[in-house]
Amino acid sequence: MGPTSLDRIIELQKNPASIRNLCILAHVDHGKTTLADCLVASNGIISSRQAGKLRYLDSREDEQIRGITMKSSAISLHFQEGDEDFLLNLIDSPGHVDFSSEVSTAVRLCDGAIVVVDAVEGVCPQTQVVLRQAWLENIRPVLVINKIDRLIVELKFTPQEAYAHLQKIMEQVNAITGTLFTSRVMEKQAEKTKEEQGCETPLEDQVYDWSAGLEEADDSHLYFSPDQGNVVFASALDGWGFSIQHFALMYSERMGINPEVLLKTLWGDFYLNAKAKKIMKGAQVKGKKPLFVQLVLDNIWSLYNAVVTHRDKEKVEKVLASLGVKVMARDSRHSDPKVLLSAICSQWLPVSQAVLSMVCNKLPSPLHIAAERVEKLMSVGVRRFDTLPERTQELKNAFLQCSSNENAPVIVFVSKMVAVETKALPHNKKRPLTQAKISQCRELARQRHAERMAAEQQNHSVNALVDIQSGGLCKGDEIATEGLKESKAEEQRETFIAFARVYSGVVKKGQRIFILGPKYDPAQGLSMLPEHCSPSDSLPEVPHLSCCSIENIYLLMGRELEELEEVPSGNVLGIRGLEDFILKSATISTTPACPPFTPLNIEASPIVRVAIEPKHPGEMSKLVRGMRLLNQADPCAEVLIQETGEHVLITAGEVHLQRCLDDLKDRFAKIEISASKPIIPFRETVVRPPKVDMVNEDLGKQQKVAVIHQDGFDLPCYPRLVIRVVADCLNRRDHIHAEVQVKDEVSHGRATETLHVDSSGLVTLTTPNKLATVSVRAIPLPQEVTCLLENSSALIRTLEQVNMTLREGRNLDISVKTLEAITDLKAQLESKLQGRKWRDAVEHIWAFGPRRCGPNILLNKLEGYQRPSFWQYLCQEDKSGKDGAQAKNIREFDNSIVSGFQLATLSGPMCEEPLMGVCFCIERWDVQSLNWKHENTFEEMATFQEVLGTIKAPESTDALEVTSTHPGQAKRYQEITSADCYGHVSGQLIAAMKEACRHAFQAQPQRLMAAMYTCEIMTTADVLGKVYGVVGKREGRILHEEMKEGTEIFIIKAVVPVAESFGFADEIRKKTSGRASPQMVFSHWEVISSDPYWVPTTEEEYLHFGEKADSSNQALKYMNDVRRRKGLYVEEKIVEHAEKQRTLSKNK
Ligand SMILES: Nc1nc2c(ncn2[C@@H]2O[C@H](COP(=O)(O)OP(=O)(O)OP(=O)(O)O)[C@@H](O)[C@H]2O)c(=O)[nH]1
Ligand SMILES: [Mg+2]
């Protein structure tokens, strides 16, 4: 079949019932792009011989070199089944974890997905992730089990073994679907119960319903099963694939069995009783060959045996005759048996036919978009669909109708911006000329030439003069505008095309549209704009709403773009002209009633950060521009300028980082750049005092001598108190003298008389103006609580927003689900914070931090200060009407305490990294009321004047001179009068609170926390030892190891610190000659057990580590690395005992 003409595709675009928008999802290397090649080849865009080798949709050079997909790309295909024509908008996505954000952008635009699973590797971690992503977006999946040829050629399975193996894979995939389904039913049930509780039912009528709703919910259509027609078995590389429908039809003709019966029995525990000519149940028990093996797999196995394994010409002839397939002599003579195999298979079981027919029959068209999905897309954040304005709710019908009427509102979602070279755009490309056009051009050129010759002859001398003059002028101009042109050309080298889908209406070239930012509120927009306004009117400014014109629209054809005039509803398209308005994703509409779509579910969190600078400092502006473009072109990369002034790039992993750097160098900035080593994030925390020392001796009895001293290793402005226990047990173990020495030092001009630390770790700090005093204690949070807070940060942020609006006296409607999640969070916190220390702690939570949603808690332990609970929204219903009274309960400067806490948790004292898992309890907080100050200062002054006698008339309070013989009162007087010179109380309180938290933190045993990757390594048994070696060297831990049944493959799950992960994948690949490949995903934060400030203190420790304890301390190394990078002071002994550095051997 030749390529389908553009006109035909335009025709097909108008009929949404025949459109299928789908993406291909799988774990890395399971064969998505190879399968896409086969589908592309079916449209004649590439030749079928090249299919599988070309990987047409991997259009980038680095994709081809590395052999992995990095960007999702779309192509429109035509497929004919029976009399019906279908248009398939296919998106190929990457499988590597680093690029999972690309999967999110693809999934959002589709209605269905082909999930590919490698027949040997089975279900892998990314398979689970993509199934979950498809599920979250409510799109329907179909399954392709690929690489079946590997079962024959590599694993040398018998058909029977292969059947058992395939059954297992199917079970694994269905198990994931089952879990997803159950959790959704549970969620719905919970929501329903909540709603029912909401409506008032008389108590006596209430019957408790304990059913989970699972019994009623029909889930049969969700599971993959060959008899349902949603599974294809394939080998994309060899070009074959089939669904059991194909064989059922074929054998029903040959054997005269009802195709329906065959369809039901071909997959399953059935066998053929040849004598009785019947299909019977119980193949396994009776030791018979299942139908699937006998009728399907045996045929394929014998084909491979004949063509690939034995290369038996006679057998091949027989097989060809039985299949009724003819191959070209060229193919049968080819030295590579795979060529012949492909030639046979592409006729016998063409994979494109099997897959595309399944797609057309099983995946929904845009007309069948589920109402539930629409509501989900339209309800942003915590807002419920039914709280949206009426006009907005009406738009739901537009989605469901998917109408392309002239008056249907245009609704488009842009999921990402793709950078395309401007010269590759259709209008800049040279197109092959038609014969008529060529002769027309020739005629024109001939005419022009004749005219010029005639003109030249007439005015030869005059022209020459003019030419010289104008030439001179032009040159001058050129020089002046050269720089301008160059920069303009740079600007225009890349054009951004929005990767989008039309959900309603028709998108036209030149059309004016509204662009709705993620924070746009349709209620606000509708209230500010006139009733029937359109984007072409001149309108007042509305927050997060802008208008612009669509410049061009394109059909996405893999590596090519085809220009279109309009695109009707239900199609995927490319739009040009939005780059100044959209950063990464946005919603476009012709009506301001349209809400912005919910943000994409991006699974990968950017974690690897590097600082970037140009090799030549003069090229900074080019780098900044390049980074801006990169930020726009990648859904997951983040670009920011740190407080230090560094330009930082944050990516999802090492491979992603490399791709971003390449893009920056070769496309966006086009300059030489140098990137720092990856900046590894750490967290700072406190732990409970250890019970044993470094050599596992019980510490309790040995703490005989304690020296609390100021360590020499001092931060620029914070005194560090290190409580150090020195056991003087080297000489007299039993008779030890105790000495406790507390040094209060003045740190850089700050009077430490304002700071007091007691032996239990309670830090009391007074502001310099002596008006406020806070006492803070730091205690470690239980690990589960830290984890819970870390995972609930979005929810805490929502709650914080809600509290904020409540404080402002407004009320926010939040969805039942969010409310439930908040209640659940509170309950979980209550159950995890048990014991005397935590009594009533959850009720007394003052704030979370840093950024008001982090995993640290500020706890109110003040006696007599009843501030409104952090959970006030939950109890608001019963206490409605008391809000106003509650608001008054907040003490003055409450906010300063919170701000100080936020600052302290944002950067800790160890190496200015954020804190994690620390609870700061405020046990005392005195502020002298400002009112008091203002009212009383003058009275007091008068009294003082009486008492003290002469006071020189002050010009300013600062210049007061007191001549008195009453020192106590004079001091008090000075304090009061000098309070003003220190400025506002709130600012000082923030600083004092921050300092107090830092000191409280330092009074506890401090630890660093490292970011950890979980890493799944798939490897063969022979290199298992080497894999263990590399994991061990990188400070990793093996969690478990499992062998895939029936194969030689081991799956190892390990955790590796991010700090040690760079080059890990390469090292493992090198050491195992490519037989093991790890997939790493950020998993959690873990406390590094070693104490960075540790020094040997007990006899055993001295014996074990030596006096200097110069064996490596990993935590100290990490901490110093961070401090060095940040330009903080690092205590390092460069040369100690110089005379010992002689080469001893020479002096012997
Ligand atoms: N034996 C065999 N190999 C296959 C088959 N399909 C694909 N491959 C090979 O598997 C490797 C990965 O194929 P791709 O199509 O690039 O895999 P992918 O899923 O697109 O990979 P990513 O996009 O990086 O996630 C290539 O070397 C293919 O040749 C198959 O059916 N049989
Ligand atoms: Mg690929």
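1. The magnesium ion (ligand 2) is coordinated at 1.9 Å by the OG1 atoms of Thr33 and Thr69. Donors are N, O and S atoms within 2.8 Å of the metal (3.2 Å for Na, K and Ca); water is not among the atoms, so sites may look incomplete. Because Thr33 belongs to helix H2 (residues 32-41) and Thr69 to the loop between helix H3 (61-66) and strand E2 (73-81), the pair ties together parts that are 36 residues apart in sequence.

2. This is a predicted model, in which local features need pLDDT of at least 70 and side-chain atom pairs count only at pLDDT 80 or more, while totals for chains, interfaces and linings use all residues. Residues are numbered from 1 along each chain as its sequence is written, chains are lettered from A and ligands numbered from 1 in the order in which they are written, and side-chain values use heavy atoms, with hydrogens and water left out.

3. Thr33 counts as buried, at 7% relative accessibility, and Thr69 counts as buried at 8%. Buried means under 20% relative accessible area, exposed over 50%, and partly exposed in between (1.4 Å probe, protein chains only). Of the 1148 residues of the protein, 49% count as buried.

4. The protein has 36 helices and 37 strands; helices (H or I, at least four residues) and strands (E, at least two) are DSSP runs, numbered from the N terminus.

5. Six strands form an open sheet with mixed pairing, in the order E28-E29-E30-E33-E32-E31. Pairing requires that DSSP finds at least two bridges between two strands. Strands E28 (755-757) and E31 (845-849) are the edges, each pairing on one side only.

6. Strands E32 (residues 856-860) and E33 (residues 918-927) run parallel and are joined by four bridges. Asn860 has Ile922 in E33 as its bridge partner.
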